[in-house]
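Open the structure in your viewer and keep the selection tool at hand. The stops below say what to select next and what is there.

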Amino acid sequence: MIEVLNKVHDETKQGEAFAPFAIDTNVYKKHFYIESYGCAMNFSDSEIVASILNDNGFGATKNHEEADLILINTCSIRDKAEQVIRKRLTEFRILKREKKGLLIGVLGCMAERLKAKLLEEEKLVDLVIGPDAYRSLPTLIEEAETGQKGVNVLLSRDETYGDISPVRLNSNGVTAFVSITRGCNNMCSFCVVPFTRGRERSREAKSIIAEAKDLFDKGYREVTLLGQNVDSYKFETENEVVTFANLLELTAQISSELRVRFSTSHPKDITDEVLFTMKKYDNICKCIHLPVQSGNTRVLELMNRTYTREWYISKIDRIREIMPECSITSDFIAGFCTETEEEHKDTLSIMEYSRFDYAYMYYYSERPGTLAERKYEDDIPEEIKKRRLQEIIDVQSRLSRENNQHDLGQIYEVLIEAESKKNSNDWKGRNTHNKVLVFSKGNYGYKAGDYVNVKVNRVTQGTLLGEIVPQP
Ligand code: SAM
Ligand code: SF4
Ligand code: F3S
């Protein structure tokens, strides 16, 4: 038996996770090694790729030196993300010189953005395959084995990989991602995703529910429904239309023991129906990721976000009205084209108003081919972008600290995910608000996948520290 590892180097710091799982080497004569960068969608795609490769005689390995095929599932969201990948390719280049027959493939958003150009720029790359073309991997690998380089970056209007059962690559056996949509139809002017992932399409509801149920039957206790804009999920058949609220409800009904999360919600699309469905089911986690990007209406308009500051605030108010305890997290971009100091201050003030529990914060990185690159000048000097970003980070750090203080003394139901990396006597899990809790195992005999009540005794900026409250 060997262990398999799917590394998620998350440039956006969303969903980083490493965990080995075992696979029988005897079944496979050839092995692939995969590294994933970027968002949870990419990580989820790597599990689809693993499934396709398993079916075609390739087992996974966590050791790249043992691999016959090295795959790197890439992200293009910011320039820095691409630079990290280029550097990693340089390292693999050395391996390729040392090992005859080793194939190197670039998958994902950077493959889609650069297409065949990537083969020119990175001479030792053998395969370039976009996010909608993974079914062609086996054929392209066969061709590459004869020395022919392979490219397939065709985007599709209907590919959802709905019939492919993902191979859980870095699973803790408790939590899993389930893709519900692919692509994006929102042309946010700063964003490369509509170009790298294509048109939005919703996966068949039946296959989503079947995947979530199968996970539950295998012992998983939490699923995160994934899409760039989950609120626009819509699957229509002759007889019915399944909306995101319907899908959420169907998933929650699989079992009250299965927690349901979702990401990402779009402020323009999130509905009362979704909020009331969340409220109705205890096992739908009370946590919404609602990226605002900017707190200023003029900048939001330039970003083509299609909502105003007031609209966003009304959504925050509505969430708080329906679920006062719901945690809300967000994304920000500092220093977008033409942003003034006053407009930047509007972002700081919307943060104070919304009191986000957590945020992903970036400064604007111009991406080739996007609407913003074509229409606006990237005119905010880097040092100003960085200073504004630092101000955003400072406000958020304070808000996160203050929010965590409110957790002191609270008792939360926690789903145990794994042993704490720092101390094998401790468990690590999360509460409904997606906050990480670390607590002593004691002599209770709990295991990963169990629910346990934990009282918060101490807080740090990122983690709540607590103790098990014995069940009566
Ligand atoms: N679909 C999600 C939404 O609309 O909120 C966002 C998905 S995107 C993969 C994740 C985050 O990256 C965005 O919310 C945005 O804050 C950030 N981002 C996207 N393009 C960017 C750019 N050109 N420069 C800096 N940050 C960017
Ligand atoms: Fe990008 Fe906007 Fe789509 Fe999110 S909604 S993926 S930011 S285009
Ligand atoms: Fe990156 Fe593509 Fe996700 S650009 S953030 S991996 S959709």
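Helices here are DSSP runs of H or I with at least four residues and strands are E runs of at least two, both numbered from the N terminus. This is a predicted model, in which local features need pLDDT of at least 70, side-chain atom pairs count only at pLDDT 80 or more, and totals for chains, interfaces and linings use all residues. Residues are numbered from 1 along each chain as its sequence is written, chains are lettered from A and ligands numbered from 1 in the order in which they are written, and side-chain values use heavy atoms, with hydrogens and water left out.

Start with Ser 51, which is found in helix α1 (residues 40–55). Ser 51 counts as buried because its relative accessibility is 7%; buried means under 20% relative accessible area, exposed over 50%, and partly exposed in between (1.4 Å probe, protein chains only). Leaving aside neighbours within four places in sequence, Ser 51 is in contact (heavy atoms within 4.5 Å) with Ile 164, Ser 165, Pro 166 and Val 167.

Next, select Val 27, in the loop between β3 (21–23) and β4 (30–37). With 57% relative accessibility, Val 27 counts as exposed. Its C-alpha atom is 8.0 Å from that of Gly 57, 30 residues apart along the chain.

Now show helix α7 (residues 205–217) with helix α8 (residues 244–252): they pack at about 30°, and their axes are 10 Å apart. Axes are lines fitted to C-alpha atoms, for helices over the stretch in contact, and angles run from 0 to 180 degrees between N-to-C directions. The angle makes α7 roughly parallel to α8 (under 35 degrees; over 145 is roughly antiparallel, 65 to 115 roughly perpendicular, the rest oblique). On the α7 side, select Ala 205, Ile 208, Ile 209 and Ala 212; on the α8 side, Leu 247, Leu 250 and Thr 251. By class, this contact of α7 with α8 has six nonpolar, one polar and no charged residues. Ala, Val, Leu, Ile, Met, Phe, Trp, Tyr, Cys and Pro count as nonpolar, Asp, Glu, Lys and Arg as charged, and the others, Gly among them, as polar.

Move on to helix α11 (residues 309–322) and helix α12 (residues 341–354), whose axes come within 11 Å and cross at roughly 15°. α11 is therefore roughly parallel to α12. Arg 309, Tyr 312, Ile 313, Ile 316, Asp 317 and Arg 320 of α11 meet Asp 346, Ser 349, Ile 350, Tyr 353 and Ser 354 of α12. Five nonpolar, two polar and four charged residues make up the contact of α11 with α12.
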